[in-house]
Amino acid sequence: MLQRIQTIYLLIALVSAGVMPFIFPLWTTASGNGFMFMENLGYIVLFGLSATLSLVSIVSFKKRKSQFVMGRLNIILNLILLGLFIFRSLNLSGETDKDLVISEKGIGMLLPIVSIVFLSLANKAIKKDEDLVKSVDRLR
């Protein structure tokens, strides 16, 4: 059932983890250049895993329990990504190299938060569907 609301939420999480990082820079360096996620291998891996988990979760719509677990793993992955962004922005502010200094935080740093919100909404809808199926099974 691809027409469920959690599919829309997972699709938005997929877009925020798989498409938006190509558009928005994570932050702006002191030299005025935008720092894109493609300049760091760790960010590439984490954004790629998040997008892949969202896509696999959309495709596995018949397995609600595994879909719920993948949503939780994706939330944890996005929390790790957000923690790395915060760590990087707070630690490297006093560097002397102009390419490492973060002068302005970009919209790209907020993308894990958007993903977390929509993944939480998707998990809530998946849980609601699972409870509905269990209640119908009790009636039989």
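Colleague: So helices here are DSSP runs of H or I, at least four residues long and numbered from the N terminus. With that settled, which helix gives the most to the nonpolar patch?

Modeller: That is α3, with four residues. Keep in mind that this is a predicted model.

Colleague: Noted. Which residues make the patch, and what is its area?

Modeller: The patch covers about 880 Å² and is made by L11, V15, V19, F22, I23, M38, L41, I44, V45 and L49. Helices α1, α2 and α3 each supply at least two of its residues, and α2 spans 20-23.

Colleague: Where does V19 sit?

Modeller: V19 is in the loop between α1 and α2.

Colleague: And is V19 buried, partly exposed or exposed?

Modeller: V19 has a relative accessible area of 43%, so it counts as partly exposed, the class between 20% and 50%.

Colleague: Let's go inside. How many residues are in the largest nonpolar core?

Modeller: There are 21. L26, W27, Y43, F47, L81 and F85 have the most contacts inside that core. At least two core residues come from each of α1 (5-18), α3 (41-59), α4 (64-91) and α5 (111-139).

Colleague: Which of the helices supplies the largest share of this core?

Modeller: Helix α3 again, with five residues. So α3 gives the largest share of this core and also the most to the nonpolar patch, if we go by how helices are numbered here.

Colleague: Changing topic: what about E130, buried or exposed?

Modeller: E130, in helix α5, has a relative accessible area of 14%. The cut-off for buried is under 20%, so E130 is buried.

Colleague: What does the side chain of E130 pair with?

Modeller: A polar contact of 2.8 Å links the side chain of E130 to that of R64, a residue of helix α4. If you skip neighbours within four places in sequence, E130 is in contact with R64 and K65.

Colleague: And what does R64 touch?

Modeller: With residues up to four places away in sequence left out, R64 touches R4, I126, D129, E130 and V133.

Colleague: Last one: where is L73, and how far is its C-alpha from that of L53?

Modeller: L73 lies in helix α4. L73 is partly exposed, with a relative accessible area of 46%.

How values were computed
Residues are numbered from 1 along each chain as its sequence is written. This is a predicted model: local features need pLDDT of at least 70, side-chain atom pairs count only at pLDDT 80 or more; totals for chains, interfaces and linings use all residues. Side-chain values use heavy atoms; hydrogens and water are left out. A nonpolar core is a set of buried Ala, Val, Leu, Ile, Met, Phe, Trp, Tyr and Cys residues joined through side-chain atoms within 4.5 Å. Buried means under 20% relative accessible area, exposed over 50%, partly exposed in between (1.4 Å probe, protein chains only). Patches are made of residues with over 30% relative accessible area and no salt bridge: like charges are joined within 9 Å, nonpolar side chains (Val, Leu, Ile, Met, Phe, Trp, Tyr) within 5 Å. Accessible areas come from the Shrake-Rupley method with a 1.4 Å probe; for residues, only the protein chains shown count as cover. A salt bridge is a side-chain nitrogen of Lys or Arg within 4 Å of a carboxyl oxygen of Asp or Glu. A polar contact is a pair of N or O atoms within 3.5 Å; within protein, one must be able to donate a hydrogen and the other to accept it, and residues adjacent in sequence count only if both atoms are side-chain atoms. Contact means heavy atoms within 4.5 Å.
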